[in-house]
Amino acid sequence: MFLVLLLAFFVLFTGKVASGASELSDGAERASTGAGDLKAGAEKAQTGAKDLAAGTEKVDAGANTLAKGIGSAKAGVTTLKEGATTLDEGAVKLLTGAEAANEGANKLAAGATNARTGAGTLTAGAYSASDGANQLAAGATTAREGSDNLAAGANEASDGAKDLAAGAVRANEGSGELAKGASDLYAGMQPLVTGSGELIAGAQDAVDGIGQLNDGAYAISAGIGTVYAGINEPQNGQPESVATQIQKDLKPYGPTGKSVGAAELNAAADELAALTPLLAIARLSGQDVPTDEEFNEKLGKLRIAAAKLEGLEQLVAGVDLGLKGYDPKTGTFIPEKGLYKGSQILSGGLSDLNTKAPGLVDGAVEIQGGITEVRGHVSDLSAGATQLDKGLGELNTGAGKLAEGNGKLAAGAGTLATGLNTLNTGAATLAEGNGKLATGAGTLATGLDTLETGAYTLADGNYKIYDGTISLSDGTSRLVTGTESLDEGVVKLDDGGKTLTAGTSDLKEGAEKLADGNTELAEGSKTLADGNGKIAEGADTMRASTTALTPGEIFTSPKILAVLIPLLLLLIPIGMLIAGTRRGTQH
């Protein structure tokens with residue numbers, strides 16, 4: 001009974017084993033295929049691990065470069081912060097300077113207005129100085145005549161001094177009056193001494209003014225020369241000069257001439273005006289043509305252009321004739337009366353006058369010296385007269401000194417005459433120069449008008465600069481704040497860079513370990529693939545060996561021995577176990 005059950009169990013068991021062996025064989029094949037895929041994936045993982053290791057080295061190098069860059073950035077941020085601070089300080093100074101410049105520009109504008117007023121006063125003063133110089137010339141002539149008389153009188157006084165000893169008694173009677181007269185003469189010469197000092201100062205001012213007039217005349221002459229060349233010399237790209245071209249078109253050549261080109265333009269306008277009816281016909285035919293108003297407006301512009309052309313040619317011709325000195329009464333050219341040649345003559349004359357002007361100061365100095373010397377001799381005369389009044393006992397000695405003093409007086413009178421001649425010449429030159437000074441002062445007043453306008457424009461521009469510096473100051477303050485925030489960000493970036501450097505080092509070590517593990521995984525997957533192949537072979541063998549048996553084949557198939565033998569061997573320990581159990585129960 002037991003064997004029957006055992007056989008039945010065996011039959012069932014072999015069926016299950018056969019079915020399991022079949023599934024095991026299929027699973028082994030799938031495992032073998034998966035092991036192959038795993039091997040291929042392990043190889044790719046190994047390659048990727050190597051690439052990862054190489055990449056981590058590059059990341060490590062990049063992290064080091066980033067660390068160096070952060071160091072440079074920190075230095076740059078420090079420099080930027082210092083520069084921003086300096087810029088902010090400079091902006092404050094610029095704001096202060098802009099305020100000062102704005103205030104100065106306003107003062108300049110006010111000063112220009114005052115200077116314009118002063119220029120008008122200067123013009124009036126120049127005319128007054130010219131009148132005074134003329135009076136000075138007349139007075140110098142009179143003084144020269146008086147100095148001649150003074151020299152003659154001095155000579156006569158020297159001769160009379162010889163007779164003074166003989167007339168001592170008579171001189172005693174008039175000595176008091178002589179002393180008084182000499183004292184009055186000495187006091188009366190004081191204004192002449194003071195006037196000689198003022199004469200030197202005036203002569204020096206005249207020399208300075210002549211120098212300035214010389215510079216201005218030279219600049220005017222150069223400017224007129226430029227205008228003359230622009231009209232009478234061919235310009236760049238032009239075969240003929242402007243004057244030559246206009247002479248061919250303007251008949252006669254002058255401010256009242258008629259332009260042939262302008263007449264042609266007007267004639268063309270008239271011809272076009274006659275075509276106005278054709279415009280209506282063209283519009284009826286559907287053509288896009290101007291309206292009568294537009295056509296008439298264009299004709300008007302053409303006629304205006306003709307008038308402008310003629311006016312421009314007349315203006316240039318008039319300027320050219322004025323430069324060349326054209327005389328409309330005689331129809332001839334007098335270059336010396338022309339503005340071009342005249343300005344050159346004026347510049348040359350002022351240059352010559354500027355060269356000779358210092359002699360005016362020298363003459364005034366000689367006059368002052370002569371007057372001082374004469375006054376000194378008059379003082380001696382006064383002292384002598386006083387001594388004469390006190391005692392006629394020293395008459396002979398005093399008469400000798402008087403003769404000597406009169407000789408010096410005669411010499412001084414000669415020097416005075418020479419100085420007065422120089423004064424007379426210089427006064428005439430001064431009068432002429434003051435007239436030109438008045439003209440220059442008028443030009444100065446015109447220039448100061450322009451200066452005043454420019455000064456107010458400057459003041460307006462400085463105010464805009466001042467307003468802009470306020471915005472600049474606000475921007476630099478924000479820049480300083482931004483650089484401080486940037487400095488804090490760079491510090492945090494530096495900390496992050498250090499963390500990145502440490503992390504890349506760990507990543508490099510992990511990549512190396514991953515590469516080693518992938519190598520071992522590749523080797524294990526290869527072994528697994530080989531083992532799965534053997535399992536598949538064993539599973540096929542087991543499936544072939546464990547095909548289920550029918551009850552009729554159990555006793556006839558030799559495969560039964562493969563089951564019975566293990567069962568018999570199994571029964572031996574079971575029997576021994578049962579026997580042992582029984583003995584234990586009996587005891």
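## Salt bridges and nonpolar cores in a predicted model

Asp474 and Arg478 form a salt bridge, their closest N and O atoms being 3.3 Å apart; the term stands for a side-chain nitrogen of Lys or Arg within 4 Å of a carboxyl oxygen of Asp or Glu. This is a predicted model, in which local features need pLDDT of at least 70 and side-chain atom pairs count only at pLDDT 80 or more, while totals for chains, interfaces and linings use all residues. Residues are numbered from 1 along each chain as its sequence is written, and side-chain values use heavy atoms, with hydrogens and water left out.

Both Asp474 and Arg478 lie in helix 10, four residues apart, about one turn of the helix; helices (H or I, at least four residues) are DSSP runs numbered from the N terminus. A search of the whole structure finds eight salt bridges, including those in the table.

| Salt bridge | N to O distance |
|---|---|
| Asp474 and Arg478 | 3.3 Å |
| Asp460 and Lys464 | 3.7 Å |
| Arg303 and Asp270 | 2.8 Å |

The pair of Arg303, in helix 7 (residues 292-324), and Asp270, in helix 5 (residues 260-274), links distant parts of the chain, 33 residues apart.

The largest nonpolar core has 19 residues, of which Met189, Ala203, Leu350 and Ala364 touch the most other members. Such a core is a set of buried Ala, Val, Leu, Ile, Met, Phe, Trp, Tyr and Cys residues joined through side-chain atoms within 4.5 Å, where buried means under 20% relative accessible area, exposed over 50% and partly exposed in between (1.4 Å probe, protein chains only). Helix 3 gives the most to this core, with eight residues.

Technical notes: Helix = DSSP H or I, 4+ residues; strand = E, 2+ residues; numbered from the N terminus.
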